[in-house]
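We will take the helices one at a time.

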Amino acid sequence: LSFAGHVTVAVAIEKNGDIASELDVVAIGLPLETAAGDDFEDLAFDAALGALESIPVRKRRDPDTVREALRRAVRAAVRNEWGKKPITTVIVNMVS
């Protein structure tokens, strides 16, 4: 964790693929701010939200698809800004 940090993203998805809650993002072991002065958690949130909204509703019904898309988006966003790939955990809760 001390080298590349850890980012956790949690989201709830309804069985029909609709987004049931706002994303929750927690970053540990990353700098507090990017070089531009933006918050790293906000950067990760924006990347995860963009990835989630880009997945078609029908494909959002598969938690593995959602989990992998969000994980890749967050890792790429942090890597592009910081140069390191954090351990990234995505929790997808399917709700009815």
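What covers the buried residues of α1 includes β1, β2 (24-28) and α2; contact here means heavy atoms within 4.5 Å, and buried means under 20% relative accessible area, exposed over 50% (1.4 Å probe, protein chains only). This is a predicted model, where local features need pLDDT of at least 70 and side-chain atom pairs count only at pLDDT 80 or more, while totals for chains, interfaces and linings use all residues. Residues are numbered from 1 along each chain as its sequence is written, and side-chain values use heavy atoms, leaving out hydrogens and water. Helices (H or I, at least four residues) and strands (E, at least two) are DSSP runs, numbered from the N terminus.

Now select F40, A44, A47, A48, A51 and L52, the buried residues in α1. Looking down the axis of α1, you will find them within an arc of 130°, so they line one face of the helix; the arc is taken from the directions from the helix axis to the C-beta atoms. Turn to the other side of α1 for D46 and S54, which are exposed.

Next, move to α2, residues 63-82. Pick V66, L70, A73, V74, A77 and V78, which are buried. Their arc around the axis is only 120°, which puts them on the same side of α2. Covering them are, among others, β1 (6-14), α1 (40-54) and β3 (87-95). On the face turned away, select the exposed D64, R72 and N80.

Finish just after α2 at G83, which has a positive phi of about 90°.

Conventions: Expected span 1.5 Å × (residues − 1).
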